[in-house]
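The sequence and the structure are shown first, and a description follows.

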Amino acid sequence: MTRRYEPKAIEQAWQVVWEKDKAFKAVKASGAGKRYVLEMFPYPSGRIHMGHVRNYSIGDVIARFLMMKGKNVLHPMGWDSFGLPAENAAIQHGTHPAAWTHENIANMRKQLRRMGFSYDWDREVATCMPDYYRWNQWIFLKLHEKGLAYKKRSSVNWCPDCATVLANEQVEDGLCWRCSSTVEMKVLEQWFLKITAYADELLDFTYKLPGWPERVLVMQRNWIGKSEGAEVFFPVDGSEEKIRIFTTRPDTICGVTFMSMAPEHPLLEKISSKDRIDEVRRFAEKVKAEKKLRGAEPAEKEGVFTGAYCVNPLTGAKAPVFAANFVLMEYGTGAVMAVPAHDQRDFEFAKAYGLPVNAVINPHGEILDVKTMTAAFAGEGVMTNSGQFDNMKNTEAMSAITTHIAQKGFGAKTVNYKLRDWGISRQRYWGCPIPIIYCDSCAAVPVPLDELPVILPEDVKLTGKGLSPLAEAGAFINVKCPKCGKPARRETDTMDTFVDSSWYFLRYTSPKAESVPFEKTDADSWMPVDQYIGGIEHAVMHLLYARFFTKALRDLGLHPHDEPFTNLLTQGMVCKEIVKCPEHGYLLPEENAGGKCVYCLKPVETGAVEKMSKSKKNIIDPDLIIEKYGADTTRLFSLFAAPPERDLDWNEEGVEGSYRFLSRVWRLVDDNIELLSGARAYDPARDEPLDGALKEMHRATHKTIKKVTEDVGENFHFNTAISAIMELVNALYQFSQKDDAQGLSPLRGRQVFKEAVNAVVLMLAPFAPHISEELWKMLGSREPVYRTKWPEFNEASLVKAETLIVVQINGKVRSRLTLAVDTPEDAVRRAVLNDEKSAEWIKGKNILKFVYVPNKIVNMVVS
């Protein structure tokens, strides 16, 4: 009796089996057989979206494939569950962040289970739980012991809408990475982690990660921003103060004509003249109010003269000191020597403010005329106007001047980094409490390790305004000093949630550990993660922080590994066409009635394809797709529509196509179930050799196994792997129609058919696991697919016995011949001359040329 393909029933049934059998529970790692596959864990926002589906489907294919290849696979899942959205939702809806978060986790866990992902749910972690964040606090205190966690007063990025500090990496084009509000500058006491202590190692290892996309590595190298140069001190005229600068161009020091300083540089208060100090202060406030992004060039370069002059240590010349809006306190030293002749920004500023231009490098064979210069000369050349360094190549003068500076005691060769220490203080509630107590007698005192965790209190009033809500929680704040026993107060800031995600992959190796963050033996054997999967948007945040934590925890003796992730795959986004009304903005599909807005009946704009976003109303709810087509179809489409690293354009026709293909595979088995049940698969090692169509079917099977194995296991070309399976299914349908000696009639034909169908079902399993399990059971297997070995291709079966030779005469195809592979040229010539179709075009003519490309084509010229 024919059965219909009913994905909902099949998928529910097999999910119960997998859960009951603990099908994907990882056993203790040992030896080279371990594989740790991990997708970046999600923030529990309430529902999974198609981006989640694609990301986790990619990881699941890799994990299931490795399991079938006999590897011991760790494939865990958890929740990055602290963070601002929960707090904002609590304020908006009058619920507690914990309740909102746990409800969302339950919803999303259910959705992920419905997708059939092969997670070891026994290793599930949630970063908002005390049994996780106590180890955040423990790690913080251990870093504090080593001097890698410290507190200082600093200018910080402040998001007024989120009412919290942002790390440099969390500011994107001057906007908050989370809410897109314009970022301001604020001076606060903040806790920092000393990531700069690992700057060199973080940089060096970007050249030792061949399994990472080069694009990500370049982004990290640029963010670390190592530059070699000289640190030079310019004395302030008439003062004991000195201005410290860093330059990568010591060859241009003699060309300095003014000094630019960040408006908030503390030295300006000391060196500005009395008649200029008020204007300098007003300018500093103006720049602050403009909310410029650190690191970005302001549209207009502005400055004010401070009334102070600095003295060039090489020439003795005095140069005016300016506060300038393009100099950043956070990068370098907050002061920049200005050489207008050889730096375009300085050139533009000098022209705007009437400052002198002094050339100290001439192009080879030329002499610069500063009166006629229209742009700075930044190239290589010969030194001039530089005293004892004149006539040297400027590239040689760099080291000579640096040495001279060091010998004279007003500078030194040094290395500078763009990377800054990681500010982790956040003025919000829903995060990990920082385990520090402040005592008037003992200052900042670490919470004793045996008193961890410092539990986040639940009875806190959330308003979203001002500083940390914990500052109002008296029962939480007021404690006794661990050192002297006097009244003291807790730190009320919480940790940046990127701390939570900087080591979660280590916790997965022993999630139930109670006396340590993770067992060293477990981390030794499972780490590093063999395949990590996530978005490129995390290149200089999560991925950099995770590398830093891995190295810092290694140096604490917790594990031996240098890097957290051996291989990194950065998947593309899921995009969909947007629909927009000129009056009502973005519209949902149901708000678009035949190309018109349902509210105003004006024509809508369509065509632009953008990343799925709630704000643009172009999202697709995975549950609706699963309900209509099934999880296997949803997975298959997300993997077939585009290569993993490319953006995927959503279209329902593609989803329907994936569903039709799975239905076709179902019918292939179900319609031939009696025939398949009565035969075993053909085995070239024990069965007699094949010929004709049977041999070609057998060859096609092994050719497909080889391609899919390579595409999945080596290249992650999932779309072409699925395409190859589709081609084999097409060939099987054609083969199944043959009821003769070269089809299903003989026993060998049914064996060849069974071999191919088995291969299709097993190769489909990582992509569409539910239907594969059901079909495998229908084919008579007593073992489920997840315990079945991946099919192996036979090299001998790939050898093609015959080949098609195209015969081209005077540039046109006149015939095609099927000959044995590697037939000698003289035999090919005889076959062509004896071929009836070819003979029509050769008869009575002279053969001027006969060219044979082995196994492919004959090209003849006749006259």
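Of the protein's 863 residues, 54% count as buried, where buried means under 20% relative accessible area, exposed means over 50% and partly exposed lies in between, with a 1.4 Å probe and protein chains only. The model is a predicted one, in which local features need pLDDT of at least 70 and side-chain atom pairs count only at pLDDT 80 or more, while totals for chains, interfaces and linings use all residues. Residues are numbered from 1 along each chain as its sequence is written, and side-chain values use heavy atoms, with hydrogens and water left out.

The protein contains 26 helices and 36 strands; these are DSSP runs numbered from the N terminus, helices being H or I of at least four residues and strands E of at least two. Its C-alpha atoms fill a box of roughly 105 × 80 × 65 Å along the principal axes. Among contacts between residues at least 6 apart in sequence, 71% join residues at least 24 apart, a contact being heavy atoms within 4.5 Å.

## Surface and charge

The accessible surface amounts to about 38300 Å², and 50% of this belongs to carbon and sulfur atoms. Such areas come from the Shrake-Rupley method with a 1.4 Å probe; for residues, only the protein chains shown count as cover.

There are 110 positive and 112 negative side chains, and the centres of the two sets lie 1 Å apart. Lys and Arg count as positive and Asp and Glu as negative, with His and the chain ends not counted. The place of a charge is taken as NZ of Lys, CZ of Arg, CG of Asp or CD of Glu.

## The sheet of β33 to β36

Four strands make up an open sheet of mixed pairing, in the order β34-β33-β36-β35; two strands pair if DSSP finds at least two bridges between them. Strands β34 (812–820) and β35 (847–853) stand at the edges with a single partner strand each, so one side of each has no neighbour in the sheet. On average, neighbouring strands of this sheet are turned by 20° against each other, direction ignored. Axes here are lines fitted to C-alpha atoms, for helices over the stretch in contact, and angles run from 0 to 180 degrees between N-to-C directions.

Strands β35 and β36 (residues 857–862) pair in the antiparallel sense over 6 bridges, and I847 has V862 in β36 as its bridge partner. Helix α25 (residues 825–834) packs on the sheet, touching β33 (802–809), β34, β35 and β36, and its direction makes about 120° with that of β35. In the loop between β35 and β36 lies N855, which has a positive phi of about 65° although it is not a glycine.

## The sheet of β10 to β13

A further open sheet of 4 strands has the order β11-β12-β10-β13, again with mixed pairing. At its edges stand β11 (303–311) and β13 (335–338), each with a single partner strand, so one side of each is left without a neighbour in the sheet.

Strands β10 (residues 258–261) and β12 (residues 318–324) run parallel and are joined by 3 bridges; M259 stands opposite V321 in β12. Helix α9 (residues 277–289) lies across β11 and β12, at about 125° to β11.

## A covered helix

Which helix has 9 of its 10 residues buried? Helix α23 (residues 769–778) is this mostly covered element, and its buried residues include H770, L775 and W776. The elements covering them include α1 (7–21), α2 (50–68) and α22 (747–764). After α23 comes G780, with a positive phi near 105°.

## Loops and backbone details

D80 lies in the loop between β2 (72–74) and α3 (84–93) and counts as buried at 15% relative accessibility. Beyond its neighbours within four places in sequence, D80 is in contact with residues including Y43, T127 and D500.

Two cis peptide bonds may be noted: one joins L452 and P453, with omega about 0°, and another runs from M527 to P528, with omega near -5°. P453 lies in the loop between β20 (443–446) and α12 (474–477), whereas P528 lies in that between α14 (520–526) and β24 (529–534).
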